[in-house]
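Please look through the sequence and the structure shown here.

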Amino acid sequence: MALASVVSLAQVPEPLLPGGNVVVQGALPPPDALPLPAADTGSGVQPADALEAFIDGVVGAYMAEAHIAGVVVAVVDRDGTLLQKGYGIAGVDPDRAVDPASTLFRIGSISKTFTYLAAMQLVAQQRIRLDDAANSHLPQALQIPDEGYGAVSVADLMQHTAGFEESALGHLFMRNAAAVPALADYLAKYRPRRVRPPGLHAVYSNYAVGLLGALVAEASGMPFEDYVQTRLLTPLHIATITFREPLADGDPRRVGPDLAGTFSTGFQREAGGYSASGFEFIAQLAPAGGASASAAGMARWMRMLLNGGHLDGATVLDPASFAQLAEIGFRNADAVGGIAHGFFRQRYGQHLSLEHAGATLHFLSNMVVLPDAGIGVFVSTNTDTGRGLAMALPRLVFEHWLPDARTPIPVPTSAAAADLARYAGTYRSERRPYRSLEKFLMVAGTDTAVSPGPDGTLVVATGDGAHRHVAQGDGVFRNLDDGSRIAFTPQADGGMTLAAGYGHVVADRIGAIDLMAALVAAIAAVTLLSIGVLIGGWHRRALRQRLRHGRAAATTLGFAAVLWLAWIIAAAVALAIAASSSATLVYDYPGTSLKVAVVLAHVAAAATVLAVLAFWPALRARDWSTWRKLRHMVVLLVMAFAVVLLVRWNVLLAPIALA
């Protein structure tokens with residue numbers, strides 16, 4: 001798997017893994033040959049046989065096209081389950097079919113919705129308030145440092161507005177059951193830096209929701225897993241959703257024997273087949289992504305959401321508190337989607353959703369409910385190729401069966417080239433590492449390029465490809481493919497930000513020096529010049545013996561050239577190893593090869609400094625020609641520029657990881 005594929009999980013609206021693509025709203029179009037029944041002109045979901053035929057057609061086409069091993073789907077209304085079905089396999093050796101009633105799929109960030117409900121229960125009980133400082137409800141070891149930004153509120157933790165940087169590699173997923181730390185230990189060890197004031201932007205943060213889960217545990221006096229089980233799952237009679245995992249004996253978070261054999265395997269598509277993965281342990285950050293669920297369990301969860309916190313005689317959140325939960329509390333821009341105490345609210349024609357998606361390394365999931373229409377859809381896939389289906393199915397169901405859920409595609413219009421040019425540039429998501437080497441690995445390949453189109457549209461190019469957008473107002477543009485909107489906001493310092501449609505992504509326009517292309521060009525130039533230095537030194541070896549002046553300059557430059565080439569080779573090897581498998585980068589980061597490359601980078605940078613210092617005497621050397629002095633100076637300038645870029649990309653003078 002390519003390195004870019006590792007961070008491409010960020011193209012799912014709420015992945016655990018980060019990345020920078022910003023156009024994330026809207027379903028992928030279905031494959032051309034979907035056997036869809038004719039849509040009804042009414043407003044209700046059709047009889048079960050027609051709905052099942054529709055779902056079978058969509059799922060079957062995507063499974064065949066994307067090579068997905070297993071899928072679960074649930075479609076519900078307020079009164080019951082309209083469809084609950086499993087497709088494909090949940091495991092091999094022995095083979096296991098997907099059972100929608102019992103097979104547990106990892107649902108990634110959909111887990112956060114349970115954390116949000118738990119927090120709102122405590123708000124309803126007046127144990128916490130949304131505007132309380134989070135530190136007033138956190139243990140001392142988890143207190144959020146001020147860092148010059150002020151207090152973070154409980155609401156900030158829920159709505160991704162706390163202002164944390166991102167970090168994931170080497171700790172977000174774990175493969176060793178005996179080494180998974182407790183939630184509090186994890187949060188204390190892997191503490192990201194604060195990089196913006198709270199309430200400025202909503203930028204997706206697993207760490208913030210982990211803190212919210214710790215806050216729930218502290219305020220309730222119960223471990224997080226116990227709280228969710230006793231206050232949410234048991235009252236709702238949901239037996240097949242759990243935050244417990246197959247951990248080591250004696251771990252209080254260990255799943256019980258009743259569910260231990262029901263987890264689906266995660267699969268990776270490779271070499272024309274499926275490769276089974278080991279279990280993805282996320283118990284150390286359970287509130288943000290540790291849940292596993294069956295289609296049956298998620299059907300009851302969605303019905304509770306459709307009924308405003310109530311299901312079959314059980315109330316887990318009173319109507320007033322649920323109404324508060326569903327209120328949009330923050331938007332990055334007026335034209336884009338909003339965040340309602342952690343849930344994302346998106347428009348499907350005339351309907352406003354409550355939704356959340358999720359992704360682990362191998363499971364891609366989505367849950368969308370339309371409260372006013374009274375319908376909800378959950379889908380999860382157990383293969384790393386399942387993103388298209390997970391993101392497409394809910395919208396396809398709504399648009400096929402609910403005519404007023406269809407979003408009209410905007411009519412193409414032209415805008416003046418001068419108006420479009422003000423938005424042109426490269427934008428980098430604020431959901432990124434800021435202080436560690438992870439920046440170099442996780443930002444590469446995730447920037448968004450914006451440019452005027454030849455037909456008066458704005459072209460926005462991401463890892464998913466290029467999409468044309470038409471102007472819908474000052475700084476607002478609508479996607480011609482799916483109708484989603486993006487919004488540009490000028491900044492006081494002359495910069496520009498881009499807010500994506502889903503509501504949790506903000507990207508900043510960056511300068512040429514921060515482009516990955518600039519770093520690649522500098523490294524390529526250093527490579528060629530270093531080779532030239534060594535070749536020239538070899539040819540001048542006899543002449544060098546007769547040099548009276550500048551010998552140190554020539555020697556140190558040759559030494560620096562050798563070290564730069566050694567670093568470039570080491571870095572190429574480290575990146576090749578990291579890119580060979582998503583597991584290598586996510587589980588084993590940083591790894592020996594990367595550490596060696598970082599050490600060599602520092603040594604090459606130090607040698608460059610020595611070469612610069614040694615050049616001063618050579619400038620006065622009478623036996624150096626002006627042309628040679630100029631060549632020597634150019635090499636030093638290019639090497640020095642590469643050092644500056646490596647500092648900016650956190651390869652130099654930055655920690656490799658947070659811990």
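This is a predicted model: local features need pLDDT of at least 70, side-chain atom pairs count only at pLDDT 80 or more; totals for chains, interfaces and linings use all residues.

Residues are numbered from 1 along each chain as its sequence is written, and side-chain values use heavy atoms, leaving out hydrogens and water.

**Surface patch**
- A nonpolar patch on the surface consists of Ile513, Phe641 and Val644, which together have about 230 Å² of accessible area (Shrake-Rupley method, 1.4 Å probe, only the protein chains shown counting as cover).
- Patch residues have over 30% relative accessible area and no salt bridge, with like charges joined within 9 Å and nonpolar side chains (Val, Leu, Ile, Met, Phe, Trp, Tyr) within 5 Å.
- Phe641 belongs to helix α19 (residues 626–648); helices (H or I, at least four residues) and strands (E, at least two) are DSSP runs, numbered from the N terminus.
- Phe641 counts as partly exposed because its relative accessibility is 37% (buried is under 20%, exposed over 50%, partly exposed in between; 1.4 Å probe, protein chains only).

**Glycine 329**
- Gly329 sits in the loop between α10 (319–325) and β11 (330–331), and is partly exposed at 48% relative accessible area.
- Leaving aside residues up to four places away in sequence, Gly329 touches Gln159, Ile339 and Ala340 (heavy atoms within 4.5 Å).

**Aspartate 384**
- Asp384 lies in the loop between β18 (375–381) and α11 (387–401).
- Asp384 is buried but has no salt bridge (a side-chain nitrogen of Lys or Arg within 4 Å of a carboxyl oxygen of Asp or Glu).
- The side chain of Asp384 reaches the backbone nitrogen of Arg269 at 3.1 Å.

Methods
Lys and Arg count as positive and Asp and Glu as negative; His and the chain ends are not counted. A polar contact is a pair of N or O atoms within 3.5 Å; within protein, one must be able to donate a hydrogen and the other to accept it, and residues adjacent in sequence count only if both atoms are side-chain atoms.
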